[in-house]
Amino acid sequence: MARIQPLTEGVYYILLSLTAPNHGYGIIQQTLEMTGGRLELGAGTLYGAINNLLDKGWIALYREEKDSRKKKEYVITRLGQAALEEEMERLEELLYNGRRITGKGGV
Amino acid sequence: MVKLRWYYDKDKEEAWLNEMCREGWAMKSFCLGFYQFEPCGPGEYIYQIDLFTENKNRMTHQEYLELIQETGAEYVCRWFWYRIFRRRSELGEFELYTDNDSKIEQYERFCRFFRRIGILELCILGYDTFYWLIFGRWIGDIGTVFFPAYGLLVLVAAVIWRVYFKMKHKIRDLKQEF
């Protein structure tokens, strides 16, 4: 599985929020929580990202309730999980080199 | 209050709606260039405009609207593919697209839309011009009536393509930011 580009911050947190099934607004809330209120995903940004991730097969519809009032939930797929892990490795490398060279942020 | 305006550039349109709102007029509906406003507190809302195109088999229009509404925004109105939302400014900054990648995607959606109607305009123009060259009169000739119509077509086509290239420019600028 070759990934071409680093993930955007938004996509990274969306994938993290979907390690357990979650619905759209839940992703926004969870991202806010994880980042201590720093990153508030715009609804349009999230909508586009969910569609893109569905296209890529990185996330999937978790279950569609017969009861249409219930919100749709999405969940990360194995492909998405692999992409997330690959991104974490990349981020770790960034951080490792940053710390090593500047000597800041603890080794 | 009703105002008649023609906007092709959604950024300018958004800026105008927000300016009207700062002056105490909240836009509540749109039809054929007529914007209807009702009084509101100065700067009570922040407006955002989007272009919705259904992505088959993906999140539906309903989900799209619900997601935006869940963030505390209100669905003001629609006009064909255009969607207008607003949120109370006391809830903080309101932006549908919060990162460059998704802003670029939004502009690209507008660009595709403008390219389509721009090409359609050029086809109609071409046909009209061709007809005039061959037959020496305007289509459906009722004397002078059709020359102004032709002029209007030229004008609209020019505006559409201008906005198209402006958006392309904005995409380029966003791509250069990092």
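The model is predicted: local features need pLDDT of at least 70 and side-chain atom pairs count only at pLDDT 80 or more, while totals for chains, interfaces and linings use all residues. Residues are numbered from 1 along each chain as its sequence is written, and chains are lettered from A and ligands numbered from 1 in the order in which they are written.

**Chain A**
- Chain A has four helices and two strands, arranged along the sequence as α-α-α-β-β-α. Helices (H or I, at least four residues) and strands (E, at least two) are DSSP runs, numbered from the N terminus.
- Of the 107 residues in chain A, 28% are buried, that is, 20 or more other C-beta atoms, placed from the backbone, lie within 10 Å of their own.
- Among contacts in chain A with a separation of 6 or more, 46% are between residues 24 or more positions apart; a contact requires C-beta atoms, placed from the backbone, within 7 Å.

**Domains of chain B**
- Chain B is assigned domain 1 (2-91) and domain 2 (100-176), with bounds from an automatic or database domain assignment.
- The contact between them takes six residues from domain 1 of chain B and seven residues from domain 2 of chain B.
- The centres of the two domains, taken over C-alpha atoms, are 24 Å apart.

**Hairpin in chain B**
- Strands β2 (residues 25-31) and β3 (residues 34-39) of chain B run antiparallel and are joined by six bridges; pairing requires at least two DSSP bridges.
- C31(B) is opposite F34(B).
- Two residues lie between the strands, and L32(B) has a positive phi near 50°.

**Helix α3 of chain B**
- Helix α3 (residues 100-135) of chain B has 36 residues and spans 51 Å between its first and last C-alpha, close to the 52 Å expected at 1.5 Å a residue. The expected span is 1.5 Å times one less than the number of residues.
- Its buried residues include Y107(B), F110(B), F114(B) and G118(B).
- G136(B) follows α3(B) and has a positive phi, near 65°.

**Nonpolar cores**
- A nonpolar core is a set of buried Ala, Val, Leu, Ile, Met, Phe, Trp, Tyr and Cys residues joined through C-beta atoms within 7 Å.
- The largest has 38 residues, and those with the most contacts inside it include L46(A), I50(A) and Y47(B).
- Helix α3 (residues 43-56) of chain A gives this core its largest share, six residues.
- Not counting residues up to four places away in sequence, I50(A) touches G24(A), Y74(A) and M59(B).
- A second, separate core has seven residues, including C111(B), F114(B), V163(B) and M167(B).

Conventions
A residue is buried if 20 or more other C-beta atoms lie within 10 Å of its own, exposed if 12 or fewer, and partly exposed in between; C-beta atoms are placed from the backbone. Two residues are in contact if their C-beta atoms, placed from the backbone, lie within 7 Å.
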